[in-house]
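Work through the exercises below with the sequence and the coordinates open. Each task is followed by a solution in steps.

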Amino acid sequence: MASNLSFVLNKPNDVTFEERPVPKLQSPHDVLVAVNYTGICGSDVHYWQHGAIGHFVVKDPMVLGHESAGTVVEVGAAVTTLRPGDRVALEPGYPCRRCANCLAGRYNLCPDMVFAATPPIDGTLTGFWVAPADFCYRLPDGVSLQEGALIEPLAVAVHIVRQARVQPGQSVVVMGAGPVGLLCAAVARAFGASKVVSVDIVQSKLDFARSFAATHTYLSQRVPAEENARRIVAEAELGAGADAVIDASGAEPSIQASLHVVKVGGTYVQGGMGKADINFPIMALCLKEVTARGSFRYGSGDYKLAIELVATGKIDVKRLINGVVAFKDAEEAFKKVKEGQVIKILIAGPNEKVDQSS
Ligand SMILES: NC(=O)c1ccc[n+]([C@@H]2O[C@H](COP(=O)([O-])OP(=O)(O)OC[C@H]3O[C@@H](n4cnc5c(N)ncnc54)[C@H](O)[C@@H]3O)[C@@H](O)[C@H]2O)c1
Ligand SMILES: OC[C@H](O)C(O)[C@@H](O)CO
């Protein structure tokens with residue numbers, strides 16, 4: 001049998017490779033997937049560096065990774081939608097399907113969610129992964145397995161932009177031009193926004209954003225949030241303000257500027273996860289009657305739409321991939337992400353051959 005080598009976080013800054021047993025199907029509705037490619041999320045890096053995010057604390061060794069695509073190798077007796085050999089994007093969180101939130105169609109808010117690489121649940125940086133078939137999305141012929149690994153962050157962006165209720169012709173400001181902000185900008189364009197302004201503190205990220213999806217960019221300055229907001233509105237000619245503002249940075253100054261950039265009656269969505277508590281311009285929220293929404297992971301239809309956006313060529317996620325490393329080099333890839341050297345780097349599964357010349 002092929003390797004089920006897994007990339008395990010023991011404690012902060014201590015990772016090892018462990019050969020683990022190949023998992024077994026838990027139900028007739030499950031499939032076994034050989035993991036081909038996995039991207040690295042900021043949360044993986046955070047667990048690796050600090051061993052915790054909020055009240056999620058790594059107490060026992062945990063396999064990292066949750067942005068994966070793979071190939072089906074075995075299907076349970078009740079599975080009719082997938083066959084061995086199908087290439088799939090893995091949705092890495094499994095809700096209870098019975099609680100009020102699940103039944104209301106908001107399964108991402110399920111209190112009993114089992115989510116990959118969120119302690120104590122192991123993640124997908126492993127050889128084989130068992131999942132319910134309906135959380136494995138078949139990739140159309142034109143979508144590669146490497147693109148498949150980008151569907152997870154794209155689904156995060158789809159959920160955020162849906163929360164912003166972006167309509168054709170609208171203006172959208174996206175704070176942060178990391179992978180999530182870039183993908184939010186691209187989804188906003190795909191939803192028909194005519195003006196999409198990417199804001200960041202790093203010029204090179206803005207240059208990429210402009211080439212990828214943004215119609216305008218703004219390099220945030222060390223000035224009061226209201227002044228940054230005034231300049232964004234002036235430079236991007238947003239008139240009375242943006243129809244929608246999305247925070248994909250988690251940074252306090254950009255969240256503050258967001259409330260001053262949004263128009264009266266506009267929409268603000270919190271996608272970034274930075275400090276748990278910040279100074280928030282609540283008077284602007286009140287006086288402008290801003291609609292503010294949170295956005296957490298992804299829910300009904302988000303993966304499906306993310307795949308559709310890639311399959312139809314509306315979003316070229318390949319452009320975010322800076323390289324692919326062999327499984328044995330997973331820690332190197334984590335270092336590159338931590339140092340900000342890459343937008344996305346993929347880690348090949350332990351049974352995947354990597355062309356080291358590229
Ligand atoms: N809501 C969710 O379900 C969900 C899912 C995944 C990630 N996230 C969060 O989304 C955020 C973005 O994720 P990412 O992977 O793109 O992270 P990232 O760290 O690569 O991107 C954040 C970007 O914000 C920029 N930034 C920092 N301070 C800024 C400021 N004052 N003004 C403007 N830009 C500023 C950084 O330069 C960086 O480019 C993170 O906070 C992450 O935790 C949320
Ligand atoms: O994309 C999903 C996110 O990375 C996770 O929800 C994580 O940030 C919190 O557990």
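The exercises that follow concern a predicted model.

**Exercise 1. The surroundings of ligand 2**

Task: Find which residues surround ligand 2, and which side chains place an N or O atom by one of its oxygen atoms.

Solution. 
Step 1. List the neighbours. Ligand 2 is surrounded by Cys 41, Ser 43, His 66, Phe 115, Thr 118, Glu 152, Val 156, Phe 296 and Arg 297.
Step 2. Look at the polar atoms. The side chain of Glu 152 has an N or O atom 2.7 Å from an oxygen atom of ligand 2. For His 66, the distance from a polar side-chain atom to a ligand oxygen is 3.2 Å. For Ser 43, the corresponding distance is 3.5 Å.
Step 3. Consider the cover. On its own, ligand 2 has 290 Å² of accessible area, and the protein covers 87% of that.

**Exercise 2. Phe 296**

Task: Is Phe 296 buried, partly exposed or exposed, and which surface patch does Phe 296 belong to?

Solution. 
Step 1. Locate the residue. Phe 296 sits in the loop that runs between strand E18 (291–294) and helix H10 (302–311).
Step 2. Classify it. The relative accessibility of Phe 296 is 33%; buried would require under 20% and exposed over 50%. Phe 296 is therefore partly exposed.
Step 3. Look for partners on the surface. Together with Leu 109 and Met 273, Phe 296 makes up a nonpolar patch with about 290 Å² of accessible area.
Step 4. Compare with Exercise 1. Phe 296 is also among the residues that surround ligand 2.

**Exercise 3. Thr 124**

Task: Which polar contacts does the side chain of Thr 124 make?

Solution. 
Step 1. Thr 124 belongs to the loop between strand E10 (114–115) and strand E11 (128–132).
Step 2. Check the accessibility. The relative accessible area of Thr 124 is 0%, so the residue is buried.
Step 3. Find the contacts. One is with the side chain of Ser 68, at 2.7 Å.
Step 4. Link to Exercise 1. His 66 also has a polar side-chain atom 3.2 Å from an oxygen atom of ligand 2.

**Exercise 4. Salt bridges**

Solution. 
Step 1. Take the total. There are 15 salt bridges in the structure.
Step 2. Examine Glu 147 and Lys 318. Their side chains form a salt bridge with an N to O distance of 3.4 Å. Glu 147 lies in helix H3 (residues 145–148), while Lys 318 lies in the loop between H10 and strand E19 (321–325); the two are 171 residues apart, and the pair links distant parts of the chain.
Step 3. Glu 147 is buried at 6% relative accessibility, whereas Lys 318 is partly exposed at 47%.
Step 4. Look for another partner of Lys 318. Asp 316 forms a salt bridge with Lys 318, with the closest N and O atoms 3.4 Å apart. Asp 316 is partly exposed, at 31%.
Step 5. Turn to a pair within a helix. Arg 231 and Glu 227 meet in a salt bridge at 2.8 Å, N to O. They are four residues apart in helix H7 (residues 225–235), so about one helical turn separates them.
Step 6. Note a network. Salt bridges link Glu 18, Arg 20 and Asp 122.

**Exercise 5. Strand pairing**

Solution. 
Step 1. Examine strand E3 (residues 30–39). Ten of its ten residues are buried, so the strand is largely enclosed by the rest of the structure.
Step 2. Read off partners. Ala 34 is opposite Thr 71 in E7 and opposite Phe 128 in E11. Tyr 37 has Ala 348 of E20 as its bridge partner.
Step 3. Turn to the open sheet. Its three strands are ordered E2-E1-E6, with antiparallel pairing. Strand E2 (14–19) and strand E6 (62–63) are the edge strands, since each pairs on one side only.
Step 4. Follow one pairing. Strand E1 (residues 5–11) is joined to E2 by six bridges, and Val 8 stands opposite Thr 16 in E2.

Notes. Residues are numbered from 1 along each chain as its sequence is written. Chains are lettered from A and ligands numbered from 1 in the order in which they are written. This is a predicted model: local features need pLDDT of at least 70, side-chain atom pairs count only at pLDDT 80 or more; totals for chains, interfaces and linings use all residues. Side-chain values use heavy atoms; hydrogens and water are left out. Patches are made of residues with over 30% relative accessible area and no salt bridge: like charges are joined within 9 Å, nonpolar side chains (Val, Leu, Ile, Met, Phe, Trp, Tyr) within 5 Å. Accessible areas come from the Shrake-Rupley method with a 1.4 Å probe; for residues, only the protein chains shown count as cover. A salt bridge is a side-chain nitrogen of Lys or Arg within 4 Å of a carboxyl oxygen of Asp or Glu. Buried means under 20% relative accessible area, exposed over 50%, partly exposed in between (1.4 Å probe, protein chains only). Two strands pair if DSSP finds at least two bridges between them. A residue is near a molecule or strand if one of its heavy atoms lies within 4 Å of it. A polar contact is a pair of N or O atoms within 3.5 Å; within protein, one must be able to donate a hydrogen and the other to accept it, and residues adjacent in sequence count only if both atoms are side-chain atoms.
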